[in-house]
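Q: Could you take me through a few side-chain features, giving the general idea before each case?

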Amino acid sequence: MAIFTPNEFDDHESVLFFHDKKSNLKAIIAVHDTTLGPALGGTRMWEYASEEDAIDDVLRLSRGMTYKSSLAGLNLGGGKSVIIGNAREHKTEELFAAFGRAVHQLNGSYIAAEDVGTTVEDLEIARQETPHIAGIGEGNVGNPSPATAWGVFNGLKAAAHFRYKKDTLHGLKVAVQGLGNVGYGLCEHLAKAGADLVVTDIHSPSVEKAVQKLGAKAVYSDDIFHQDVDIFAPCALGAVLNDQTIPRLKAKVVAGAANNQLAEARHATDLMNRGILYAPDYAINAGGIIVISHEGPNYDKKKAMKDIAGIYDTSIKIFTRAEQENIPTADVADRIAIERIEKVKVENSQLAMAG
Ligand code: NAD
């Protein structure tokens with residue numbers, strides 16, 4: 001099995017495989033880049049179709065965390081971990097204790113957090129074995145989803161301003177796919193700002209709640225793509241911007257919370273060629289990592305929310321540069337993230353030489 005050659009391998013600093021026979025832990029921790037600081041990223045528990053899929057996922061996600069933290073101006077690197085297994089059936093205390101010991105072996109160069117398939121309770125078990133877990137313990141900020149929703153709302157507002165030259169969302173139609181922790185929170189901000197909502201979710205109680213409480217119009221799952229709306233906000237799955245869905249979009253702005261929305265990098269160009277402004281996912285869904293970076297005994301919620309609102313300015317910067325250079329917004333976000341890392345690498349090597 002190739003490790004260093006798949007497309008997803010991007011000069012990752014380390015990729016560690018952990019196996020604990022007693023608990024049957026099979027985990028992979030990928031540290032993509034620690035130039036800016038320790039690699040912080042969630043722990044995903046998922047029943048992957050193959051071990052290759054798990055490796056691809058952890059490599060892709062850890063690289064994404066490097067870019068997300070860099071673009072958000074945080075002194076954090078990018079890392080991620082996956083535990084191979086069914087989150088409903090295979091969880092035990094021994095498993096998360098063994099995972100905590102695995103994290104501890106990295107000596108703080110990787111910091112784990114909650115992600116798809118893992119909960120605060122799981123990570124509390126791991127925390128008994130290592131201090132290198134974020135989002136729990138003293139001074140923790142709890143569930144980061146409201147912070148993520150606030151950041152997405154600000155990125156979406158920036159996109160609406162840039163594309164439609166409007167300072168208000170009042171009267172704009174927004175189609176939201178996925179009414180989970182982030183999607184529903186985003187809908188609340190949008191409704192408060194006077195936007196008209198069209199929503200979908202495979203979980204019908206969430207849809208009913210949005211209809212009743214926020215006056216949203218509900219549509220069937222697959223119909224969300226071709227709604228006659230101004231903005232499409234994907235807040236459920238990845239890879240929703242693909243060869244099948246992009247031609248169906250009527251919205252001229254895509255701005256949502258879901259990670260890895262583009263099925264392939266070339267889809268960023270497809271969106272641009274169709275005159276659709278794409279707010280890069282990791283640029284506008286960074287609210288969660290920003291709030292975690294504020295964690296500690298002196299946590300100041302007001303300051304954290306102000307920093308997250310800065311996603312508006314970051315988004316405008318990305319859109320402006322993309323327009324000036326006539327390149328996709330996703331490429332601009334990557335470039336800004338990489339430029340910051342390269343600059344710090346040069347500074348670090350100059351410091352080392354001076355020392
Ligand atoms: P969640 O699991 O709470 O919500 C996802 C929702 O999508 C669920 O209600 C689910 O029923 C719905 N869904 C799934 N498949 C669907 C489909 N085909 N059509 C319509 N709805 C569907 O997750 P979340 O925490 O709200 O995160 C949403 C997205 O944002 C994910 O892609 C996640 O990776 C990303 N994200 C979340 C955070 C965070 O702080 N929670 C941070 C960054 C990125």
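A: Let us start with a cysteine: Cys 187 is buried, at a relative accessible area of 0%, where buried means under 20%, exposed over 50% and partly exposed in between (1.4 Å probe, protein chains only). The model is predicted, so local features need pLDDT of at least 70 and side-chain atom pairs count only at pLDDT 80 or more, while totals for chains, interfaces and linings use all residues. Residues are numbered from 1 along each chain as its sequence is written, and side-chain values use heavy atoms, with hydrogens and water left out.

Q: How many aromatic pairs are found in the whole structure?
A: A pair of aromatic rings is described by the distance of the centres and the angle of the planes. Rings of Phe, Tyr and Trp (its six-membered ring) pair if their centres lie within 6.5 Å, and planes under 30 degrees apart count as stacked, over 60 as edge-to-face and the rest as tilted. The search finds five such pairs; one of them is Phe 4 with Phe 9, edge-to-face at 5.3 Å centre to centre and 90° between the planes. Phe 4 is exposed at 65% relative accessibility, whereas Phe 9 is buried at 16%.
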